[in-house]
Every structure is written in structure tokens, then in C-alpha cells.
Amino acid sequence: MSSETLEIQLIAAVVAVACALPGVFLVLRRMAMMSDAISHAILVGIAAAAIFVTEDLTSPLLIVAAAATGVLTVSLVELLNQTRLIREDAAIGITFPALFSVGVILIARYAGDVHLDTDAVLLGELAFAPFNRFEVLEYDLGPRALWVMGVILCVNVVFIAFFYKELKLVTFDANLAATLGFSPALVHYGMMTLVSITAVGAFDAVGSILVVALMIAPPVTAYLLTNRLSRMIGLSGLIGVASAVAGYWFAHHQDASIAGSMGLMTGVFFALALLFAPNRGIVAIARRRASQRWEFAQTMLTIHLFSHEGLPEAEREAHVNHLSSHLHWEPDFAQQVVRNAERRGFIRNRSGRLNLTEQGREMAQLALVK
Amino acid sequence: MKNYSDTFAIEVEDLTVAYRDQPVLWDVDLNVPAGVLMAIVGPNGAGKTTLIKVILGLVRAAAGRVSIYGQSYSDQRRLVGYVPQRGSVDWDFPTSVLDVVMMGRYGALGWIRRPGSRERRSALEALDKVGMRDLAHRQISQLSGGQQQRVFLARALVQDAQIYFMDEPFQGVDATTERAIVALLQELRAEGKTLVVVHHDLQTVVDYFDSVTLLNVRRIASGPVNEVFTETNLRLTYGGRIAFLNRTEDQPAETQNIPHVIKPAKVENDATGIGERSNP
């Protein structure tokens, strides 16, 4: 592996983790689409700062401007939402394209000398990231993008580590947070600033569309796999890294866009979790339903036998052939239920005449009391 | 029962809340003495939840003043526990019962400090009190409605407050849980706590509570249950819609509009002194 390949993967992995961390809270607050809004709207901040303030595209001022634009976007969406004239999804849909368009126009109109084009903003170009070096006194310290995203990752980790309790409380129950004196608005806007900073750092490397993929897909995937917030955060990071690395090699073999392949991999990992997650996956749910169906049929059978037990009609009611007509069971299904119940010792089958065992009687009684 | 003598636990003066020009609460006065177990009852849209939320600083008032033991809520928040409506949070949130209960200690911890073994211990004790200790490590999405409510109560218990506000704690819970909650409320009152509970079921007011506030945008009446919870006051609060209480088929048609024309029933309030304002 050349150092360049390694560097690209390293950058991608750092971007993925940096995005996944705030993404967890966006997903839990049901604000996933806010990442879309922020990652696009920051363009206007970057463009304005690059054109009117500094021509240096590596200036930290750009990050400040972008973060401010991100927070502005969130406030605008909330203002619109508060008018109650339009709903939040529409408010997001109105706000960020408008801001983004202004950014596009600014770049087209004024950014002749500035190296900033809309393709790069949307798609990024990870393959070129290693060429942009971070040098201090002529010492090469590695790719600039790695440093920028490394710092942003640290900021995210520190913020979440310090305010973990507050983030959890505000996300779960904002009202309680407010009554306890933790301002939900403060925590919320702190988080949105983080999302904006992460988006502006990441868009340079991977483009704004992949920012959305990396912020939302790994947390949603992790959500299906665990039911603890701390584990969800950890898993999101891992899934992000896995998507980044898998995406890189996919792109390598298919000679495709790295960012595009990484985005694809986030979708693949999500699809796998959706199908095969241990408890919440579609397969697990289907199997649980099927076993519940058998379980329920068995209970039904014991209750049926129990309620006719010792009565004159028992001879007729407790016959295996009778089950299909009385309980509306297909003959095959009835046979299978009887076999299962017999195997588990709930009933005895004497040439079609069914009798409850003591165990079966207990089961019926238990089910009736519930 | 402790006696906090001259100050009320909760004082609400001339409180008006509106969404745009639509009044939700009109000029409400309410004084809650310490140590009572009070129900707030009234029809849907009467402003019961809003009243609690204003007192807790969650909703802004258009006018009026709220105080907790004579001071503003933000100075006294450590004295106040809150049980919101069960449906107000996302029960699919990835966390455990124990974690949710420990959130009640967050206020005492303040910013940044993390809960530790002390918080854990008090959360487990509270879960014990509501009969949920065995489920401490269960994921909250696996709880029944009654269990969710118990978790919220346990969370309020660890706040170790003097005053508790509860928003419909009996909503959608089974009979066992309802009895357990009532026992818990009465135990808290016996410890001298003040409890204000938004309640829906008029049939149980007399059994469960010692005080009641009847609310329908305006405060209709407030005081001890045996003095205030009268048919007349209920009519004033609910208009003609309380036929189920006395089983008579037809209510007089004019009671429909009475809450809008008749003043709050001052007579009952003055008899107890509860409705009177402290010095304006």
C-alpha cells in the first residue's frame, strides 16, 4: 500500500468518525435532514468569506463563516417553523436551497480568482487530498485535510464527552432538561455548531452529499444494532470507518469515485443491518412472528382442550380431525401444531383423540389468567 | 405534615397565557398550601397542562406571576419535581430504565459532572419504591404503558423535591399501576410533600385527593375536595357535559354557556382562604 493510498483511507476514516458523532444526535432528534440543509447552506458562508474577506481557502475564517451560516440555517428553519404556516420538512426544503443558490451565484459571479467550484463542493475529491500538504517550516506534516478533520474530530469527541449527560437528557426529554436548568436551546445550538463545523471540514474532502451519508447512515445502522446510546455512538464510528475503507477499495477496483463508493457502502451496511440485525432486523422479526404463531396455536389448542375437558362433547371436540373445522385450521397446520404440542409434552395423542397432560393443563390455566 | 406557615408552596397571580390571540389561561389565581395532594381537573383544552408548564417555566406567560415558596421558579428549581405526560418522549430512545431514572439527579449534579454510584444507588432505591427494580436494565422500548409511568415517577422521586407536578400520571395505566401510584402519592404527602396532579377521572377525585382545582381557561374553584368538588362547581367547569356524574339524562341547556358568564365561585374559596391573594 503506498503512503498515498493509506493517507486517503486515513482521511476518509477520520471524516467518517467526525461525521458519525454529531450524526447520532441528529438521528435521535429526528433531525436527519438538517444535516442535508446545513451541509449545503454553508456554501454561502464559505463563498462569502472566500470572496469578500480572505482569498486564502485554507483560512480558519472560512470555518467560522461556515459554522455561522449553519447556525443561521437552523435558526431560519426554526423561525419558519414557529410561524406555523409551514411544517418543518417544508421549512428545511425552502431554506437551504435558497441559501445554497446564493452561494452558487456568488461563486459564479465573483470567484474568478478563487479556487472554488460547485462540483468540488458537492462531490469533493478525496483522491487529491494527499497532494495538499500541511507544512510547517518546510517540514511536511502530512495531508492538510487530515489535520483539519483530525482537529474537528477532537472537538467533536471532547464536546460529546463533556456534555454527554446534557446531550442525552436534552435529546430524550427537552422539557425535563429545561425544568432542571439545562437550556435545551443552548445544547441544541452547540450541537448545530458542531454539525456545521464538521460539514465544512468534511465537504472539502468528501463533498456535501457524502457528508449527509456519513452523518446519517452509520448512526441509523447503529440504532438498529444496539439499544444503548454509548454503544450507538461507538458503533456509528466503527460503521463509518468500515464504510470509508470498504468504499475506498470498491472505488479502487471499479475505478469509480471514492466519495460515491463510500456513500454506497454506507447504504450497503445499512441494508445489511436492516435485514440481519439481531433483534430489530427484518429477518429476526419475521422469525419471531413465525415462532409466535406456532406458540400461539399451541396455547390455543391447550385452551380449547381445557375448556371442553371432562364434558360430554369432549369426545368430539378433542379429536384431531375436529380442529380444522372448529379452529379454522388447515389440516396440515393442525397436524403440525398437534405434533409440536405432543413433543413438548402438553398433550397426549391416542389415535386422534387428544388429552391434556398436567403440564398442558397448567399452560392453559396460565394463559387464561394472563 | 410539615407546616410552612405564611408562604404558600405555589402562588400563581393573575396568570394569562395565550397562543397568539387565543387565551389558554385567563387571569388565573391559584394558591397551593404546602402538604396538599391536589388534583387539577377540567375539560380538554382547559389549560391544565399549560398551567403546569407555565409554573415550571416551560411556557411563557403573557401576564402574571408565579412563585414557589415566595421566589421565582429558577431560584427554586431544586425544590420541584416534574412528571411529564408519558407520551411526551420517544420511548424508542436507546437507553435503559436505570439511565432514565438517573436523569432525575442531573439537576443536582449540574453541568458536565457525570452520575456515579450515588446516583445509581438512589435510582435503584426509587425503582424499588415503584416496584420496577427487576427491570432496571431493560431497554425502555420494551416497557408497557404502566411501566413507563412508573419509570417517570421513579425519576421524579430521585429529584427528592418538595413539590411535585405530575401531568396525567394515570393516563393509560392498568389498575394495579393506578393503585401503586395512588399509594405512592399518599406516601409522599405523608412525608410533607406538595403534589399537584393533572387528573382526568372525576370519579376518583374524592378518593385519591384532598384538594382540587377546577379549571376551564379560568380558575373556577380551588380548595379542599369536600368543599370545592361540588356539583355546582363541576357544572361551571364542564358546562352541560357532566351528565355521567348524576345520571340524569338532560342537563339544563343554559349551563353550556355558564363558564363564560359566571365569575369564579368565590364563596367556596373564601371559606377556606385558599383562593385569596396574598398582598398585591
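In chain B of this predicted model, 69% of the contacts with a separation of 6 or more are between residues 24 or more positions apart. So what is chain B built from? It has 13 helices and nine strands. Of its 280 residues, 56% are buried.

Now for the partner. The size of an interface is often given as the accessible area lost when the parts come together. Here, chain B and chain A bury about 3000 Å² between them, and 62% of it lies on carbon and sulfur atoms.

If you count residues instead, 33 from chain B are in contact with 31 from chain A. The two chains also share 14 residue pairs in polar contact, counting pairs with both residues at pLDDT 80 or more. On the chain B side, helix 3 (97-102), helix 4 (106-109) and helix 6 (145-158) each give at least two residues to the part that touches chain A. Helix 4 of chain B has the largest share, with three residues. Sort the residues on this side of chain B by type and you get 17 nonpolar, seven polar and nine charged.

How many salt bridges are there between chain B and chain A? The count is three. In a salt bridge you can look up in the structure, the side chain of Lys168(A) meets that of Asp99(B), at 2.7 Å from N to O.

**Two residues with positive phi**

Back inside chain B, have a look at two backbone angles. Asp160(B) is not a glycine, yet it has a positive phi of about 50°. You'll find Asp160(B) in the loop between helix 6 and strand 6 (163-167) of chain B. Val217(B), also a residue other than glycine, has a positive phi near 65°. Val217(B) sits in the loop between strand 8 (211-216) and strand 9 (218-224) of chain B.

Are these two buried or exposed? Asp160(B) has a relative accessible area of 53%, and since that is over 50%, Asp160(B) counts as exposed. Val217(B) comes in at 18%, which is under 20%, so Val217(B) counts as buried.

| Residue | Helix of chain A | Relative accessibility |
|---|---|---|
| Gln298(A) | helix 12 (residues 282-308) | 3% |
| Ala13(A) | helix 1 (residues 3-28) | 12% |

What does Gln298(A) touch, leaving aside its neighbours within four places in sequence? It is in contact with Val337(A), Asn340(A), Ala341(A), Arg344(A) and Phe346(A). With one of these, Arg344(A), the side chain of Gln298(A) makes a polar contact of 3.4 Å.

Ala13(A) counts as buried because its relative accessibility, 12%, is under 20%. Again leaving aside neighbours within four places in sequence, Ala13(A) is in contact with Val241(A) and Ala244(A).

Note on methods: Residues are numbered from 1 along each chain as its sequence is written. Chains are lettered from A and ligands numbered from 1 in the order in which they are written. This is a predicted model: local features need pLDDT of at least 70, side-chain atom pairs count only at pLDDT 80 or more; totals for chains, interfaces and linings use all residues. Side-chain values use heavy atoms; hydrogens and water are left out. Contact means heavy atoms within 4.5 Å. Buried area is the accessible area (1.4 Å probe) that two parts lose on being put together, summed over both. A salt bridge is a side-chain nitrogen of Lys or Arg within 4 Å of a carboxyl oxygen of Asp or Glu. A polar contact is a pair of N or O atoms within 3.5 Å; within protein, one must be able to donate a hydrogen and the other to accept it, and residues adjacent in sequence count only if both atoms are side-chain atoms. Helices (H or I, at least four residues) and strands (E, at least two) are DSSP runs, numbered from the N terminus. Ala, Val, Leu, Ile, Met, Phe, Trp, Tyr, Cys and Pro count as nonpolar, Asp, Glu, Lys and Arg as charged, and the others, Gly among them, as polar. Buried means under 20% relative accessible area, exposed over 50%, partly exposed in between (1.4 Å probe, protein chains only).
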